[in-house]
Amino acid sequence: MVLRQTRLAGESEEYLAAREELRLAEIGLMRHREEVAARRRALPPGPPVGEYVFLEGPADLDAGDTPVHEVTLGELFTAPDRPLIVYHFMYGKRQTDACPMCTLWIDGFSNIAHHVTRNADFAVVAAADPPTLRAHARARRWPRLRLLSCGDSTFKYDLGSEDEDGGQDSTVSVLTRDPDGTVRHFYSAHPRMADDIAERGIDLLAPVWHLLDLTPGGRGDWYPSLDYK
């Protein structure tokens, strides 16, 4: 049975046939995506992760940048059995300007963080120092996000979002905590998936690309900017 998507008159038989074929392909994509998600959830326990120390400013972004206090990785878990999602922001060290692509993603996270944190803890980690990171966050209006500087720790390097020269990469990581307090790495993903796939690995974190993919022109070669002229 053909499932019509509109009640518009004048849809040609050619259009209806092509749209039905596309609908079936979209169902296949959805089922495959759910299969991949199930495989992700079924990953075996990952390796233990060290007790890294981060720097954090006041919870109220508009309260200034001091005092700065230290918080350990284990302290980012607010309750037992809650995973921790970390977005590695490309900002700091060799990345002297905030990454526009990361900023696009985090713009979205800021508006949904209060939904995510019903089920998981969430933090944005950058190599930039707290005042620099918080100034960018204020300019972007990110009051709902937990913003952390990794300071001098090797957290970003060990999780693959920083190279030995301080070059930054956008990454998402998920960590878990055992009943005895042991923190484990569960999952990480990077934009680069293969030699010929440099920037598609974490597209699912932002709806922008998927909205553009609905249009006749698709996403094309468009790239986000910190300030559209």
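Okay, let's start with the aromatics: Tyr-87, Trp-105, Phe-109 and Phe-122 come together as one aromatic cluster. Bear in mind throughout that this is a predicted model.

How many aromatic pairs does a search of the whole structure find? The count is eight. Take Phe-89 and Tyr-91: their ring centres are 5.5 Å apart with the planes at 55°, so we call that pair tilted. Both Phe-89 and Tyr-91 are buried. Phe-89 also pairs with Trp-142, and here the arrangement is edge-to-face, with 6.0 Å from centre to centre and 65° between the planes. I like this one, since it links distant parts of the chain: Phe-89 belongs to strand β3, residues 84-89, while Trp-142 sits in the loop between α3 and β5, 53 residues apart. Phe-89 and Trp-142 are both buried.

One more ring before we move on. Which residue lies over the face of Tyr-187? That would be Arg-40, at 5.1 Å from the ring centre.

Now, the cores. As a general point, nonpolar side chains in soluble globular proteins tend to be buried together. In our model, the largest nonpolar core has 28 residues, and the ones with the most contacts inside it are Tyr-87, Phe-89, Trp-105, Ile-106, Leu-145 and Leu-147.

Next stop is Ser-170, in the loop between α4 and β6. Is Ser-170 buried or exposed? Its relative accessible area is 4%, so it counts as buried. If we skip its neighbours within four places in sequence, its contacts include Tyr-87 and Trp-105, along with His-88, Met-90 and Cys-102. Further along the chain, Ser-170 also touches His-190, Pro-191 and Ile-202.

Arg-177 stands opposite Val-183 in β7. The two strands form a hairpin with five residues between them, and in the turn you'll find Gly-181 with a positive phi of about 95°.

There's another antiparallel pairing, between β1 and β2, this time over four bridges. Glu-56 has His-69 of β2 opposite it. In a regular strand, side chains alternate between the two faces of the sheet. You can see two faces in β1: Phe-54 and Glu-56 are on the covered one, Val-53 and Leu-55 on the uncovered one.

Let's look at some backbone details. Where is the cis peptide bond I want to show you? It joins Thr-66 and Pro-67, with omega about 0°. Pro-67 is in the loop between β1 and β2.

Then we have two residues other than glycine with positive phi. Asp-81 has phi near 65°, and its place is the loop between β2 and β3. With 75% relative accessibility, Asp-81 counts as exposed. Lys-93 has phi near 55° and is found in the loop between β3 and α2. Lys-93 has a relative accessible area of 42%, so it is partly exposed.

Buried residues in α1 include Leu-16, Glu-20, Arg-23 and Ala-37.

Arg-4 is partly exposed, at 40% relative accessibility. Setting aside neighbours within four places in sequence, Arg-4 is in contact with Glu-11 and Leu-16, and Leu-16 is one of those buried α1 residues. Arg-39 is another story: 35 residues separate Arg-4 and Arg-39 along the chain, and their C-alpha atoms are 33 Å apart.

Terms used: Residues numbered from 1 in each chain as written. Predicted model: local features only at pLDDT ≥ 70, side-chain atom pairs only at ≥ 80, totals over all residues. Heavy atoms only, no water. Phe/Tyr/Trp six-rings, centres within 6.5 Å; stacked < 30°, edge-to-face > 60°. Buried < 20%, exposed > 50% of the residue type's maximum accessible area, 1.4 Å probe, protein only. Lys NZ or Arg CZ within 6 Å of the ring centre and 35° of its normal. Pairing = 2+ DSSP bridges. Contact = heavy atoms within 4.5 Å. Core = buried A, V, L, I, M, F, W, Y, C linked by side-chain atoms within 4.5 Å.
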